[in-house]
Amino acid sequence: MSNTADSSGPGAKGAAAPAQEAAFEQAHTPRTTSQLLVGIAVLVIAGLLSWGAVHIPSQAGYSGVGPDFLPWLSASVLGLCGIWLCWEALSGGFHHLDAPDGAQKGDWGALTWVCAGLLSSAALITSLGFILSCSLCYVLATQGLRRATGQTHAGSFKTMGKDLATGLLISAPVFWAFTQFLAINLPGLTETGWL
């Protein structure tokens with residue numbers, strides 16, 4: 001009789017307590033907290049998009065769709081994604097999440113190259129034109145990516161020359177498609193729309 005009393009007594013509660021504590025700790029790890037913050041950030045962005053969409057006129061335009069349709073659609077889908085992310089985080093963390101891979105620390109040098117490419121393109125697009133500024137952005141960004149993957153030949157003139165040629169082959173047709181075929185003005189070096 002004493003064995004039966006012991007199995008339902010304080011000893012049984014003591015055995016269940018560590019399991020409950022482990023479940024609580026698993027649900028409130030820094031990993032799930034950061035996942036919840038991601039979901040909340042997505043909801044905040046959806047709210048900001050909604051706030052912006054309120055200020056866009058809703059008069060129907062082409063095919064009965066007003067200019068506020070796409071912002072509202074984007075805000076709604078983003079809001080649903082934010083709710084889903086929060087639910088996933090609160091129910092034990094993102095399900096079916098692969099283990100993180102890659103380096104333990106960020107490669108700040110590579111990030112600097114990529115940021116330099118983006119910022120220089122934005123700063124120089126009106127003086128160098130679309131083609132050259134985008135090509136420069138491509139060269140600098142690929143330098144960062146090559147250095148991040150440990151390519152030993154990243155800084156060689158041959159590699160940078162190939163990257164520049166590739167950047168020109170990508171940006172020039174895009175520029176021509178916009179200026180010549182779609183009649184959309186992009187910054188260029190000349191008024192012809194070809195350079």
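Let's start at Gly150: just after helix H6, this glycine takes a positive phi of about 80°. Helices here are DSSP runs of H or I with at least four residues, strands are runs of E with at least two, and both are numbered from the N terminus.

A quick word on what you are looking at. This is a predicted model, where local features need pLDDT of at least 70 and side-chain atom pairs count only at pLDDT 80 or more, while totals for chains, interfaces and linings use all residues. Residues are numbered from 1 along each chain as its sequence is written, and side-chain values use heavy atoms, with hydrogens and water left out.

Now, the overall picture. How many helices and strands are there in the protein? There are seven helices and zero strands, so read along the sequence you get α-α-α-α-α-α-α. The protein has 195 residues, and 21% of them count as buried. Buried means under 20% relative accessible area, exposed means over 50%, and partly exposed lies in between, using a 1.4 Å probe and protein chains only. For contacts, meaning heavy atoms within 4.5 Å, look at those with a separation of 6 or more: 56% of them come from residues 24 or more positions apart. The protein exposes about 13700 Å², with carbon and sulfur atoms supplying 70% of it. That area comes from the Shrake-Rupley method with a 1.4 Å probe, and for residues only the protein chains shown count as cover.

Back to helix H6, which covers residues 130-148. Its expected span is 1.5 Å times one less than its number of residues. For the 19 residues of H6 that gives 27 Å, and the end C-alpha atoms are 27 Å apart, which agrees. The buried residues of H6 include Phe130, Ile131, Val139, Leu140 and Gly144. And what do the buried residues of H6 pack against? They pack against helix H5 (108-128) and helix H7 (157-181).

Two side-chain pairs join H6 to H7, and I'd like to show you both. Let's take the rings. Rings of Phe, Tyr and Trp (its six-membered ring) pair if their centres lie within 6.5 Å; planes under 30 degrees apart count as stacked, over 60 as edge-to-face, and the rest as tilted. By this rule there is one aromatic pair. The centres of Phe130 and Phe175 are 5.9 Å apart and their planes sit at 20°, so the pair is stacked. Phe130 is in H6 and Phe175 in H7, 45 residues apart, so this pair links distant parts of the chain. Both count as buried: Phe130 has 14% relative accessibility, and Phe175 has 1%.

Next, the charges. A salt bridge is a side-chain nitrogen of Lys or Arg within 4 Å of a carboxyl oxygen of Asp or Glu. The count comes to one. Asp163 and Arg146 meet at 2.8 Å, N to O. Here too the pair links distant parts of the chain, with Asp163 in H7 and Arg146 in H6, 17 residues apart. Is Asp163 buried or exposed? Asp163 is buried, at 3% relative accessible area. Leaving out residues up to four places away in sequence, Asp163 touches Tyr138, Val139, Thr142, Gln143 and Arg146.

Last stop, the surface. Ile170, Val174, Phe178, Phe181, Leu182 and Ile184 make a nonpolar patch of about 570 Å². Patches are made of residues with over 30% relative accessible area and no salt bridge; like charges are joined within 9 Å, and nonpolar side chains (Val, Leu, Ile, Met, Phe, Trp, Tyr) within 5 Å.
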